[in-house]
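Trainee: Could you walk me through this structure? I have only just opened the file.

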Amino acid sequence: MPMNNTGNSELRLAVLIDADNVPYSYVKEMLEEIARYGTPTMKRIYGDWTQPTVSGWKNCLLENAITPVQQYSYTYGKNSTDSAMIIDAMDILYSNKVDGFCIVSSDSDFTRLATRLREAGMKVIGIGEKKTPAPFIAACEKFIYLEILKPHIEEKEEKKEPHKKGGKTEPRPSARQKRAAPLPKDVIRLIANSIDIVADDEGWAFLGEIGNLISKKRPDFDSRNYGYPKLSDLIKSSDMFETDFRDTNNKGVKHIYIRNRT
C-alpha cells in the first residue's frame, strides 16, 4: 500500500538516525515530518559519541527522547555506525514491534537495508540531504529532503519588513511565492502521464490516486521541492491541467479531480 502525504497515525515507526551523515539542526522539523506518517515508537541515533563531529547532537537527544547508541570507530576510514544501524534494524524487524522504518541518512550504504525491509513488507521512509545518492532514494517507499523542512529565515524577516513599490508601502512577497518557479518539463510530463494511467473515460483522475502513483514512480517527489505546500497547489499553478472540485457525503469535504487540457 503506498503512503499518502498524511500517512496513518497508527503506523508504528522505528526511527534510526545516522549521526555522521545528518545535521542536528534539522531535528525538530524532521520529527514533526515523521509524525505525519505514523508514531515513532523507537527513536535511536548512532555514532561515536567520543568524537567532536557529533557533539552538536548531544543537546538534542534528551529533549526529543532519542536514544543514543555508542559505536566506536575501531578502524580509521571505516564507518562502523552503518553496521550498528543495520544490525539493529534487522533485530527490530524480527521483533514484530513496528510497521515501518524511517532511515535518516544521506549515505547510500543503507540502500540494501531499505530494500530488504521493504521485501519483508515494511514501510520504509528515507530522510536525507539533497546530496543523497539515487540508489538509496529509489530503495525507499518515500524519500524526503531535509532542506524542504527547515524554516527559511527570509520568511520571518519578510513578515517584519515591508517594501516600497511605486511610492507605496506593500507587504513583501512571501518566500514561498519567490521559490515557486515555473514547473520543470519533466514534472509536467510526470503528472500528465500519471493522469493518463488512472483517468476515467472523460479524462478525469482523482488527485489522491495521482499522488500515490507519482510517489511510486519517484519516491523523492514532493510538491515542496518546487515551492508549493500541496500537490493540488502545484497542479493549479500550471495551465496544462484542469481542476474539478466535487462534493462528497461529508459536508464541507470535496474531492479534487484533474485532467490534462486538450
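Predicted model: local features only at pLDDT ≥ 70, side-chain atom pairs only at ≥ 80, totals over all residues.

Trainee: Okay, aromatics. How many aromatic pairs are there?

Mentor: The count comes to four aromatic pairs. One of them joins Phe-143 and Tyr-145, whose rings are 5.6 Å apart centre to centre with 70° between the planes, an edge-to-face arrangement.

Trainee: Are Phe-143 and Tyr-145 buried or exposed?

Mentor: Phe-143 is buried, and Tyr-145 is buried as well. Together with Phe-136, Phe-143 and Tyr-145 make up one aromatic cluster.

Trainee: And what about the rings of Phe-206 and Tyr-257?

Mentor: Their centres are 5.5 Å apart and their planes meet at 45°, so this pair is tilted.

Trainee: Which residue lies over the face of Tyr-257?

Mentor: That is Arg-246, which lies over the face of Tyr-257 at 3.9 Å from the ring centre.

Trainee: In which sense does S6 pair with strand S5?

Mentor: Strand S5 (residues 123-128) and S6 pair in the parallel sense, over four bridges. Within that pairing, Ile-125 stands opposite Lys-142 of S6.

Trainee: New topic: where is Asp-48?

Mentor: Asp-48 is found in the loop that runs between strand S2 (39-47) and helix H2 (55-61). Asp-48 is buried and yet has no salt bridge, and the nearest side chain of opposite charge, that of Lys-58, is 8.4 Å away.

Trainee: So what does the side chain of Asp-48 make polar contacts with?

Mentor: The side chain of Asp-48 makes a polar contact with the side chain of Thr-50, at 2.5 Å, and another with the side chain of Gln-70, at 2.9 Å.

Trainee: I also clicked on Ile-195. Where is that one?

Mentor: Ile-195 sits in helix H8 (residues 185-198), and with a relative accessibility of 0% Ile-195 counts as buried. The C-alpha atoms of Ile-195 and Asn-260 are separated by 7.2 Å, although these two residues are 65 residues apart along the chain.

Trainee: Now the charged ones. How many salt bridges are there?

Mentor: The count comes to 12 salt bridges. Among them is the one between the side chains of Arg-12 and Asp-99, at 3.2 Å from N to O. This pair links distant parts of the chain, with Arg-12 in strand S1 (residues 12-18) and Asp-99 in the loop between helix H3 (80-95) and strand S4 (100-104), 87 residues apart.

Trainee: How exposed are Arg-12 and Asp-99?

Mentor: Arg-12 is partly exposed, with a relative accessible area of 33%, and Asp-99 is partly exposed too, at 26%.

Trainee: Which residue does Asp-186 meet in a salt bridge?

Mentor: The side chain of Asp-186 meets that of Arg-218 in a salt bridge, at 3.2 Å from N to O. Here Asp-186 is in helix H8, the Arg-218 partner is in the loop between helix H9 (207-217) and helix H10 (231-236), and the two are 32 residues apart. Asp-186 is partly exposed, with a relative accessible area of 35%, and Arg-218 is partly exposed, with 23%.

Trainee: What about Arg-259 and Glu-242?

Mentor: The side chains of Arg-259 and Glu-242 also meet in a salt bridge, at 3.3 Å from N to O. Arg-259 lies in strand S11 and Glu-242 in strand S10 (residues 241-247), 17 residues apart.

Trainee: Last one: which residues are linked in a network of salt bridges?

Mentor: Glu-33, Arg-36, Asp-222 and Arg-224 are linked in such a network.

Technical notes: Residues numbered from 1 in each chain as written. Heavy atoms only, no water. Phe/Tyr/Trp six-rings, centres within 6.5 Å; stacked < 30°, edge-to-face > 60°. Buried < 20%, exposed > 50% of the residue type's maximum accessible area, 1.4 Å probe, protein only. Lys NZ or Arg CZ within 6 Å of the ring centre and 35° of its normal. Lys, Arg positive; Asp, Glu negative; His and termini not counted. Salt bridge = Lys/Arg side-chain N within 4 Å of Asp/Glu carboxyl O. Polar contact = N/O pair within 3.5 Å; in protein donor to acceptor, adjacent residues only side chain to side chain. Pairing = 2+ DSSP bridges.
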